Amino acid sequence: MIEHDELVKLIGAAGRLVGVKEILRAGGFPPGQQTELKRTLRELVKEGRLTREGKRFGVPEAKGQPKSGPAWGGRKTHEVARRFGAKSPRPGARAEGQGEGRSRPGKPSRGKTVEGIIHHHRDGFAFLKPIVGQTADEDVFIPPEEAKRALDHDRVVVELVPGRGGRTIGRLVEVTSRTRQLVVGTYFEDARGAWVEPREAELGRIRVPATQLARPGDAVKVRLGVGEAMFEAHDRLTGEVAGSLGSPDDHSVEVLSVAFAKGFHDEFPPEVMDEADAIPVEVSDQDKRGEHRRDLRRLPLVTIDGEDARDFDDAIYVEQHPKGWRLVVAIADVSHYVQEKTALDAEGLRRATSVYLPGRVLPMLPERLSNGLCSLKPDVDRLCMVADLVIDSGGRTIATELYPAVMRSQARCTYTEVHQVLGGEHVPGRTELAPLFRRANELAQTLTKMRRDRGSIDFDLPERRVELDEKGLPARMVERERWESHRLVEECMLAANEAVARYFREKALPTVNRYHGLPDEERLATFIGLLRAYGVEVKGEELTSKELNAVLQRLEGHPEQRALNQLALRSMMQAVYSSKESGHYGLGAEDYLHFTSPIRRYPDLLVHRLLKHAWSKKKQHGGHALEQELDRLEALAVQCSERERAAMQVEREVSALYGCLLVKDRVGESFAGTVSGLSENGFYVELDELHVDGFVRGELVYPDFEFEQETYRLVFGSGHVVKVGQKLKVTLAGVNLQRKQIDLTPDELGDDVPSPRWGEGKTGRPSSRSRGSKGGREKPGRGGRDEGRGFGGRGKSGRGGRDERGGGPGFGGRERSGRDERDGGARFGGREDAGRASRGRDDSGGRQGFAGGPGKRGGRDDPGGGEKSHGGRFGGREDSARRGRASGFGSKDKGGGRGGKQGRGKSGSAFVRGERDERIERWREEQGRPRSPQPPQQPWDRPSPREDEPELREPDVGEGEKPATGGGFDPRKVLDRLWKERGGGKGGKRR
């Protein structure tokens, strides 16, 4: 039991904000108490005795506590533990401050360094995931200029240095190991040398020696780091061509590129293949008699897998027992062939998992093992590890026996065959196994009920897979059906995994668990709030897995079932491997690990090896030795978790690629679809016919919209509402194979819910994107939506908002994210294309106005808005958001044109007109709706133009034409007059 008072004293004495793992070490708590510690910390925060900032905790009395620096006065953790009466931390544990001051001979000592795995973001920056034993309790942010010095998933060392706002950032010190070894690109050569242009442009050109393995223009495979000594400079990647892949347009080249980018390979090193080739192709008599193996060759064990499966690593047998059932789960004994400290084991750990792609597998182990000697093929002898269980009528395991054995599979069955037999159909060669299938199915139903009663969560979300034609191209995307045959095998494997995990706990043996923690607090709170908004009653602010499962069952048939299921899944933590954490929230299990798939998962292989160590008593663990073993296993667990996430990313990206290939020839066709997801920029639609997802940009529905996180829906100014599960019609507008993205345009919004149009007969409703201290609802030009026509105020977070929300046809304000076209308008510094720059994707700055080109990327043919230049007098520049200075009357900072700033500096001072007002009215006319009523005249609105002064209006510009600037119009005079009308002449000289 953790004492609340002592815990508060411990954290208060730290002198800065501290994380959970720091508290765990300093307080001398055993690793198994981490879950209890987190729960206690949450309770103390609710009581107000502690404060929380991100993942760190402090005492409320000490305002402005630092996030970095020595905690507890730099004392070692065992000294802190003794002072507060806690037991000392485990022997050999890393003390607070250990690892600091790493230095090299002849070089000055550095600050604290952390080693871990780097994960790149598409925007250039990265995060470091610390490995086990490091002092960092959170992921370390690495800025773009440092991140580009390493590749995604590299193992690196970074120095922790102060960043902006008191935040700690990482400075890359060295790359200790490179996960990625292969790159796919196009080979080129000329008189100066040879190089490869990788498919990922961010890697830059790769230097390679000239080769005869490929011709210029071929797609090639490059092994990184080979031949580095051949080049003088080392400012870019080097490598050597390992083979030709043929045409760069072949889709299989892109598939390999995706896999290589995450550190997976399609071939094994020579030393690994040599070890695999040295293993006999048949099980020897000596192996069958060794390790005290039992002979199960007469037991009618069968394997049940998919039709396209090639490796069979599990077999089952079920029979009646006086107390319920006897379940025998036999798993291929891979650990007998993959020994520690071998090349096979090292390569298995480096990959840690097999990657399953359409028509292709990147296996963890060579096929000589995975599809040969370790595969439980029918009618041949195979070595196995067995979980022999007795399960009562309530689904509880009452007896467990684990042992090595030799077996002979009686049949290689498929899910379809078992499904047909259970349905009463006659299947040759399988109907005689019907009694076994029925017993197994009855047991599976009992186990399912038991798990649901204790709190196992079943989201029941559909799974999709790609079917390929004879040429290897996608023929269709199909949803995987979940039959009783699938659940039958799953329940048997779950029971075996739990039984083995329970064995380790009861024997107090170290192992690698499959850990699934409590849901994320903030996401769970959002989900609970959404449930209540939809009329689903939830008690309290926390949900046990049993309560959450009961809620999901009550949602059966609810119109928002799919959306709520997805949000519930998002609130869950990701399951990981760990030697120091136990329990599985999603399964409602106190003990759980992976035992049943050693051919394709390294943690299962580890568990088999640990079982054999326990049986042979080769390793005795106690005290310091136990902690060292836990640390060793935790490091292996982290590697396995990281590789598992990488494999999931590969499978998702390849599935998206095949989805694009499936529809690339159907651009322009219309489809019925279902909204499958939402974002701040639009929504995703699953095409009902093809089962692929595409994206609809919100501006294509209506220019003004917002994403309501609380109710998880998109609300448009036109009155349309888009929610997950809604039916609609869309047109396939385009396919981007490089980005693996399908673009859709809406035809009809089917089940849209009417909503009052903002600005018609009511005051404005503040947007989630433009709320702020100055973003009032009715004050003109201060971030409000409807009547903001004057000086575009900033607002705390919105900085002026969009169009009617503050930028309007006054002095164009802006939003924080540089959505210039929604603020400045089109006259002096606005731009015509209102869609792309709003997300910062495109060039932004002054376009449409004087001296600017009218096109979507306007300004290239005219000096007023030149591409990546300083721009003209009245036009901004194209790349103003990133570098360069604006000219004319634009902002002083990085912004462009006269329509307000683009960067973070002071807003521009030019008079602008909101282009979006007119775009909205054109949209209303296309829909056959009346034009919006004009807002009341404001005191600062301009009077009618005099005869000697040209009217300030939008020039009539045709497609591809430039705006006219003749007629004696002097924009400087107009601006001077407007400046004086607004009081600019009273306070000083205009700048």
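**Exercises on a predicted model**

Among contacts (heavy atoms within 4.5 Å) in the protein chain between residues at least 6 apart in sequence, 61% join residues at least 24 apart. This is a predicted model, in which local features need pLDDT of at least 70 and side-chain atom pairs count only at pLDDT 80 or more, whereas totals for chains, interfaces and linings use all residues. Residues are numbered from 1 along each chain as its sequence is written, and side-chain values use heavy atoms, with hydrogens and water left out.

**Exercise 1.** Find which residues of helix α1 (residues 4-12) are buried, and explain how they are placed around the axis.

*Solution.* Begin with burial, where buried means under 20% relative accessible area with a 1.4 Å probe, protein chains only: in α1, the residues that qualify are L7, V8, L10 and I11. Next, consider the arc, taken from the directions from the helix axis to the C-beta atoms; because these residues cover an arc of only 160° around the axis, they lie on the same side of α1. In general, an α-helix has 3.6 residues a turn, so residues three or four places apart point the same way.

**Exercise 2.** Describe how helix α6 (residues 251-261) packs against helix α18 (residues 624-663).

*Solution.* First, the axes, which are lines fitted to C-alpha atoms over the stretch in contact, come within 9 Å and cross at roughly 160°. That makes α6 roughly antiparallel to α18 (angles over 145 degrees). Then list the contact, which is made by H251, E254, V255, V258 and A259 of α6 and by V650, E653, V654, L657, Y658 and L661 of α18.

Technical notes. Buried < 20%, exposed > 50% of the residue type's maximum accessible area, 1.4 Å probe, protein only. Helix = DSSP H or I, 4+ residues; strand = E, 2+ residues; numbered from the N terminus. Axes fitted to C-alpha atoms, helices over the stretch in contact; angles between N-to-C directions. Parallel < 35°, antiparallel > 145°, perpendicular 65-115°, else oblique.
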